[in-house]
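Subject: Structure for your files

Hello,

Please find the structure below. My notes on it come after.

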Amino acid sequence: MMRFYTIIGIFVTVKLSTVLGNSCPVSPLTAQIVEDCPDSEQKWMEHARRKNCTAYASQCHEPQRLVYHCVINEYANQTLEVCAYGRIIVSGYCTEYNYIGNRIQQNFRTNCSSFTQNPCPSGYPSNESYKYPGCFKLAKGTSKKPGMETTQSTFTIVSSNSPYQTNGSRPNEDDDQPTYMIFVATGAAMLITAAIIFVYVKSRRSSNESRVPLYCLANRELGKH
């Protein structure tokens, strides 16, 4: 039984370290809403030098992964600069920084592979999002004052004659699943780990209590005579 609990504990530890390894705790402190993002490599490098993400890298578990980003937010209505772990964005989505998950990821509200100008490929590095400025134009099309989020069941990102379009329907709550799965996985891992420790301690205590020293048994036998 204890071998089973040990295997579960190892599995939970590995999964938990994987989840936590996708982000740096300092990233939220570097996030800043901006009017627009650079749309060329030269501008990107200039903004990266000004942001100076290397100054925060020592606070990360993997300092070399912390790089400058300028991307849209999870609601595709703002652009922001942030120092965060880079990753490969797949399936033709724009890149977003998700505040809740504290990570760079795909924005499932957008499909930049359908852009008629500079469409996104099936995979690209997140810190090369300047190559796909249509994603930034989407944010301009739905921009609101900071703190105001889209809550309507439908929204229009850009006019129908724009080369940068997405479908007009707002995705259902399942689109936020990758973010919430982080918290679900973390919470489940903590609960399972606590349960394993509790069962282990209880079983050890029960085992110790059931062991009666031989001299005690001998004394009991002598007392009967």
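Residues are numbered from 1 along each chain as its sequence is written, and side-chain values use heavy atoms, with hydrogens and water left out.

The chain has a mean pLDDT (the predictor's confidence in each residue, from 0 to 100) of 75, and 59% of its residues reach 70 or more. Residues 5-19 have pLDDT below 50, and beyond near neighbours in sequence this stretch makes 13 contacts (heavy atoms within 4.5 Å) in the model. Residues 143-181 are also below 50, with 67 such contacts. Where pLDDT is low, the predicted coordinates should not be read in detail.

Strands here are DSSP runs (E, at least two residues), numbered from the N terminus. Strand β5 (residues 94-98) pairs with β6 in the antiparallel sense over five bridges; pairing requires that DSSP finds at least two bridges between the strands. Tyr 97 is opposite Ile 104 in β6. Four residues lie between the strands of this hairpin, where Asn 102 has a positive phi near 50 degrees. Strand β6 (residues 103-107) is largely enclosed by the rest of the structure, because five of its five residues are buried (under 20% relative accessible area, 1.4 Å probe, protein chains only).

Ile 33 lies in strand β1 (residues 32-34). Ile 33 counts as partly exposed because its relative accessibility is 40%, and partly exposed runs between buried and exposed, the latter being over 50%.

Regards

Terms used: This is a predicted model: local features need pLDDT of at least 70, side-chain atom pairs count only at pLDDT 80 or more; totals for chains, interfaces and linings use all residues.
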